[in-house]
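Reader: Can you walk me through this one? I'd like to start with what holds the chains together.

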Amino acid sequence: MSCEHEQLLQKALDGELSIREQEAFTAHLQQCKACKAEYELVEHMIVDVKKLADISAPLGFTANVMRQLPAGHKKKSPIR
Amino acid sequence: MESLLKKLVKAAKKGDQHAFEGLVELYKDRIYRLAFRMIGDRHEAEDLAQEAFVKAYMNLDKYDDTYAFSTWLYRIATNLCIDRLRKKKPDYSMDAPLSTSDGGTLYQQIPHSEEALETVVEKREERATLQEEISKLPEKYRTAIILKYIEDLSLEEMSAIMELPVPTVKTRIHRGRELLKKVYKKVMKSR
């Protein structure tokens, strides 16, 4: 991949292409299988990485945190 | 009108533990997820995430609202994770098996039929592999990838959390993406 295309590819992945660059990039992808494959691979990878977001804190998490707070700080004030 | 969040922070700053409890409830999933994806181990992640909240509570007087409360929390948690990773380094090598347990909830992993079982197992393996590869990234790139793609944060938020200028954050995302791509390519080919 040439340097110019590498830069375009990074910008495309960052979602930062100008309209003109977007046109040039799309045109290039239609001609260059290597760049197209590379771009699609990284896009696919990003989708997979994003899927790792679907986890939640374990049960009892908040209660455990609250138990660890120092006793001296247990002053309460009513919420207004 | 003052938002509920601001009210909670204000009350917590005055020592109201109920208000702080509300803040923990609001952010626990995000902070636990960050710790788990950074560290790769459930128990350690839980400890770290809890430590982050306790530390936040102890330092509430230092929080100023120039930044979002979430940014401040993320910064505390990220720093704790990085400290832990640095301490861990001497006794682990790149070849050592990393925890492959994944954090999906039990419910998400219950297959609906015999056929679905295979897909579930396959998916779980894929996720574990990806988590493992992320865990192998040097911590500065790992942080960037996790904050950007898993936590879905903006470059500005990342810059505040990582205490780095935006262009440096961008470079780290690019480098992390490149490193991860190399292993991802191999994983895809082996399928």
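**The A–B interface**

Author: In this predicted model, Glu38(A) and Lys185(B) form a salt bridge through their side chains, at 3.4 Å from N to O.

Reader: How many salt bridges are there between chain A and chain B?

Author: The count is four. There are also 14 residue pairs in polar contact across the interface, both residues at pLDDT 80 or more.

Reader: What area do chain A and chain B bury between them?

Author: About 4200 Å², with 61% of it on carbon and sulfur atoms. Of the area that chain A buries against chain B, 17% comes from Leu52(A), Ile55(A) and Phe61(A), more than from any other three residues.

Reader: Switching topic. Which residues of helix α1 of chain B are buried?

Author: In that helix, residues 4-13, the buried ones are Leu8(B), Val9(B), Ala11(B) and Ala12(B). Down the axis of α1(B) they fall within an arc of 165 degrees, so they line one face of the helix.

Reader: What covers them?

Author: The cover over the buried residues of α1(B) includes α2 (17-39) and α4 (69-88) of chain B.

Reader: What comes just after α1(B)?

Author: Gly15(B), with a positive phi of about 100 degrees.

Notes:
Residues numbered from 1 in each chain as written. Chains lettered and ligands numbered in written order. Predicted model: local features only at pLDDT ≥ 70, side-chain atom pairs only at ≥ 80, totals over all residues. Heavy atoms only, no water. Buried < 20%, exposed > 50% of the residue type's maximum accessible area, 1.4 Å probe, protein only. Helix = DSSP H or I, 4+ residues; strand = E, 2+ residues; numbered from the N terminus. Arc of directions from axis to C-beta. Contact = heavy atoms within 4.5 Å. Buried area = accessible area lost by both parts, 1.4 Å probe. Polar contact = N/O pair within 3.5 Å; in protein donor to acceptor, adjacent residues only side chain to side chain.
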